[in-house]
2 protein chains.
Amino acid sequence: MNMYNSAMILNPVAQRFILHWGEMGSKWGVNRTVAQVHALLYFVGKPMPADEITETLGVARSNVSNSLKELQNWNLIQVVHIMGDRRDHFTTSSDVWVLFKTVVHERKEREFDPTISVLRDCLESPDLDKEDAEAQQRIKEALGFMEVLSTWGDQMLKLEPSTLMKVLKLGSKIKDLLSLAK
Amino acid sequence: MNMYNSAMILNPVAQRFILHWGEMGSKWGVNRTVAQVHALLYFVGKPMPADEITETLGVARSNVSNSLKELQNWNLIQVVHIMGDRRDHFTTSSDVWVLFKTVVHERKEREFDPTISVLRDCLESPDLDKEDAEAQQRIKEALGFMEVLSTWGDQMLKLEPSTLMKVLKLGSKIKDLLSLAK
DNA sequence: TATTAATTTCTGTTTTAACTGAAACAACTG
DNA sequence: CAGTTGTTTCAGTTAAAACAGAAATTAATA
């Protein structure tokens, strides 16, 4: 055990929030515990040591350890230290925009960009030449689509959150501005 | 068995494309076979009967049956019939934009919107009042964020693919237009 | 440097989802 | 309506991921 007293009591709303976030994660290919740990840190809004997370969520210590590592790999949490406490404490940004941008950036790098590479490879392969031209065209279109989306994503990620917000709020009114652009 | 001859031979490029698409699906919470079946239909660009899909992918017939059903639930494939052939044939749009919009629309309805509901419930719950105001504020910000994204998504989905394409191509130049907007 | 605290790694178990093959069902054909 | 073709459902199996608990490692303290 540990010299500190652990286990934070979560009220029902916090539980609902954290559990739902975990399920949401599962549906998007994120480990449930990982999502729960992050939701917890976001909810409490202050740094927590691993043991406290463990007891609060009621999962194994090692599970928390791995989840924290995973979240660090995703740049979603940071380690901080509390004066007079040897333990690592973990915290996450309370700015949803920052979190969102981080996730989009990471997923793009890990999953989107590699897919673009594969499609490029496919098009360059001599095996495709023998194939009918239409299939080649479809791969080309899929690639073009992903490239447009990728470039756009990069540019959006560079915007200030407040600017990005304005863009989103603009919504489909952007259509009207389109004629002005050139 | 079946009175027709099945099994389409896939060249290495097609295989690479389909297998990668399957792995990609897994990482985003989509069943691998489901993703593969869809990739195959996209690649071949013409209607295929279930048996031919089965033999081409080398998976169980029932697996294909369930995958096709799933893809129909997602509105990603359609059933068509070929003159003189009793079997159902399945086909998917060759327009990546249409496919993308379909997926975004469905996922939004299934996973995004329900989460918004949960967050609203959380905020309305009397249990949260007792909680510190900052946690409440964070939930509120998460909700606000998701609502903005949701509204924006709905509006983007309504745009013509060609218009949407222009918006994406505009990229961060949109920043300059922002001052003109009101 | 011995002791304790804190964290990670490892191995085995559990859980969940995917998948198969067979049986049931439905639709069509002669 | 008997036989055939095509599709779906279902029960059981397999495979993959998540998770737990113990052991090992690292780091801090005294």
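Biologist: In what order do the elements of chain A run from the N terminus on?

Modeller: In this predicted model, the elements of chain A run α-α-β-α-α-β-β-α-α-α-α-α from the N terminus on, with nine helices and three strands in the chain.

Biologist: What radius of gyration does chain A have, and how does that value stand against a compact globule of 182 residues?

Modeller: Chain A has a radius of gyration of 22 Å, whereas a compact globule of 182 residues would have one near 16 Å. The C-alpha atoms of chain A fill a box of roughly 70 × 45 × 30 Å along the principal axes. Of the 182 residues, 48% count as buried, and the accessible surface of the chain comes to about 9,500 Å², with 52% of that area belonging to carbon and sulfur atoms.

Biologist: Why is A:T115 called buried?

Modeller: Its relative accessibility is 1%, and because buried means under 20% relative accessible area, A:T115 counts as buried. This residue is found in helix α5 of chain A, which spans residues 96–124.

Biologist: Which residues are in contact with A:T115, leaving aside its neighbours within four places in sequence?

Modeller: With those neighbours left aside, A:T115 is in contact with A:M146 in chain A and with B:H20, B:W21 and B:M24 in chain B.

Biologist: How do you know that the relation between the two chains is that of a two-fold axis?

Modeller: A rotation of 180 degrees, with 0.0 Å of shift along its axis, superposes chain B on chain A at an RMSD of 0.0 Å, and that is the relation of a two-fold axis. The same surface serves both copies, since 100% of the contact residues of chain B recur in chain A.

Biologist: What makes β1 and β2 of chain B edge strands?

Modeller: The open sheet of three strands in chain B has the order β1-β3-β2, with antiparallel pairing, and β1 (48–49) and β2 (77–80) are its edge strands, as each pairs on one side only.

Technical notes: Residues numbered from 1 in each chain as written. Chains lettered and ligands numbered in written order. Predicted model: local features only at pLDDT ≥ 70, side-chain atom pairs only at ≥ 80, totals over all residues. Heavy atoms only, no water. Helix = DSSP H or I, 4+ residues; strand = E, 2+ residues; numbered from the N terminus. Buried < 20%, exposed > 50% of the residue type's maximum accessible area, 1.4 Å probe, protein only. Contact = heavy atoms within 4.5 Å. Least-squares fit on C-alpha atoms with pLDDT ≥ 70 in both. Pairing = 2+ DSSP bridges. Rg over C-alpha atoms; globule rule 2.2 N^0.38 Å. Areas by Shrake-Rupley, 256 points an atom, 1.4 Å probe, with all protein chains shown as cover.
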